[in-house]
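User: Could you walk me through how to read salt bridges in a protein model? I'd like the general idea and then some real cases.

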Amino acid sequence: MSEFTPPDSSAVPAAPASTPRFRPSAVDPVRLDSIGDALGVPVPGSSADVAVTGISLNSRTVEPGDLYVALPGATRHGADFVAQAVEAGAVAVLTDDAGARLLALSADTPVPVLIVPHPRNVVGPLSAAIYGSADGAAGGLTLFGVTGTNGKTTTTYFINSLLRALGTEAGLIGTIEILAGAEPIPSLLTTPESTEVHGLLALMRERGLGAAAMEVSSHAISFQRVDGVMFDVAGFTNLTQDHLDLHHTMDGYFATKADLFTASRARKAVVTVDDEWGLRLAASAGIPVTTLSTDGRTPADWTVAKTEPRGLGTAFTLAGPAGATLRLHTGLPGSFNVANAALATLMVLSSGVEPAALQQALDTADPFTVAVPGRMQLIGTRPAAVVDFAHNTDALARALEAVRPAETDSRLIVVFGATGQRDQGKRPAMGAVAARLADTVIITDDDPHDEDAAAIRADVLAGAADARERESLSCSILEVFPRDEAIRRAVELARPQDSILVAGRGHEVWQEVKGVNLALDDRVELRNALTARGFNVLQDDRIES
């Protein structure tokens with residue numbers, strides 16, 4: 001994270017006491033005059049041979065040899081923290097005119113200062129140069145970037161799992177965790193800052209990894225967190241209403257996503273064309289595109305066909321050009337996981353893997369039955385109890401459809417809320433979807449942030465109640481808070497043949513209320529409530545990790 005509160009910071013919990021080290025253990029020094037030449041700014045002659053071995057936007061993560069980048073923030077300027085950065089070992093500072101003026105008013109800065117008009121614009125490429133992760137210097141690290149509204153996390157996990165089945169050790173950068181080898185690093189942002197992204201890519205290369213899959217959110221593109229990264233294959237899942245607090249319109253949201261599919265950011269792409277946005281992207285992308293249709297309604301290079309239930313999941317075929325086929329299976333429920341598995345497969349295929357080797361890995365390793373924490377995560381079976389990250393209208397609808405029990409006398413109970421300080425327009429829409437697809441709707445709090453929790457619940461309740469009245473629905477609607485009590489109420493109402501979906505927070509273990517992070521893990525609460533009722537639960541050590 002940068003020194004200051006970023007524009008999307010309300011989604012970010014307080015940093016842990018010890019910050020993970022997102023960089024390699026050894027970096028070839030880069031002379032400061034080389035950095036000055038790249039930026040087109042002069043470097044004092046006496047500082048030309050200063051050796052830079054790292055880069056940081058945060059004085060608290062500076063290490064000896066770093067270039068400290070002092071950016072303007074929401075409330076203060078990074079130049080206010082130069083003294084702390086220098087004390088931690090920064091050997092030079094990069095800032096803008098405003099930062100330079102602040103430094104001029106303070107005591108003499110004991111390290112050279114480079115000044116550019118917009119330092120944020122150069123941080124990504126500069127990080128790539130310092131860590132040696134620039135295009136053509138990634139040491140054979142094949143990079144996969146997945147974007148879209150829903151499905152990014154699961155698709156990156158599927159890519160990672162399929163690559164391992166193919167014998168390639170792969171890294172992961174995403175919402176839940178970061179993997180640069182065997183040891184997971186908790187993730188605070190969907191995509192870390194660009195300084196950390198390039199440090200992580202260099203760390204993965206240093207540890208001998210052959211590939212990495214990364215979630216690329218619209219925030220990451222807007223806030224330049226993937227600048228300087230060249231993806232070998234970019235993938236698109238879908239686009240539905242979300243993040244309009246940032247992008248204002250769906251066209252603006254789409255334009256941000258589409259920026260990933262340009263020659264400056266990716267070499268190839270796989271685009272799911274099930275919606276109008278996928279079709280627009282496939283037509284406008286500035287790189288070679290392979291198209292995927294998961295519902296068969298749109299002509300595409302590859303189409304999902306011959307789906308049939310297998311356990312909780314689905315077996316299916318991908319039909320491609322010239323009669324080519326691939327046989328797949330996912331053990332995760334829901335048609336959206338068929339789409340995620342298909343996209344992951346085609347992204348790996350597009351990276352140059354031979355179809356025969358790919359099919360062998362699919363047949364022998366069952367890579368798409370991997371558990372993804374907080375994504376359709378099964379906690380119990382009777383009643384079926386599932387925790388999912390669904391936090392917008394489309395994702396909630398898909399999750400509800402996926403967990404609808406087959407028994408005629410069964411009921412579907414959903415627990416969910418809406419996030420504060422986010423797109424308010426989706427709140428009543430989410431309530432309406434829940435009323436249509438669930439038998440019992442329990443509306444509670446998600447992460448209110450600094451917004452009034454009761455007002456958020458009221459917006460969701462209004463949508464649910466309006467849909468029930470206008471459409472003569474038979475669901476019951478309850479308002480229960482706090483969230484742990486809502487989860488207990490759902491379990492109290494459930495019978496063995498019923499299904500419970502706890503939606504919205506997934507893997508998250510903190511609930512932010514008025515700037516305070518409260519310990520809350522939906523998986524733990526659901527497991528405890530099931531146990532208290534005498535229902536069996538599935539054992540998964542990662543639930544409390």
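This is a predicted model: local features need pLDDT of at least 70, side-chain atom pairs count only at pLDDT 80 or more; totals for chains, interfaces and linings use all residues.

**Reading the salt bridges**

Analyst: Let's start with Asp-521, which is buried at 9% relative accessible area (buried is under 20%, exposed over 50%, partly exposed in between, with a 1.4 Å probe and protein chains only). Its salt-bridge partner is Arg-523, with N and O 3.0 Å apart, and Arg-523 is buried too, at 2%.

Residues are numbered from 1 along each chain as its sequence is written, and side-chain values use heavy atoms, leaving out hydrogens and water.

User: What counts as a salt bridge here, and how many are there?

Analyst: Side chains of opposite charge can pair when their charged atoms come close. The rule is a side-chain nitrogen of Lys or Arg within 4 Å of a carboxyl oxygen of Asp or Glu. That gives 28 salt bridges.

User: Which parts does the Arg-427 and Glu-451 pair tie together?

Analyst: Those side chains meet at 2.9 Å, N to O. Arg-427 sits in helix α14 and Glu-451 in the loop between β21 and α15, so the bridge ties together parts 24 residues apart in sequence. (Helices are DSSP runs of H or I, at least four residues; strands are E, at least two; numbering goes from the N terminus.) Arg-427 is buried at 1%, and Glu-451 is buried at 17%.

User: And how far apart are Arg-470 and Asp-466 along helix α15?

Analyst: Four residues, which is about one helical turn. Their closest N and O atoms are 2.6 Å apart. Arg-470 is exposed at 53%, whereas Asp-466 is partly exposed at 35%.
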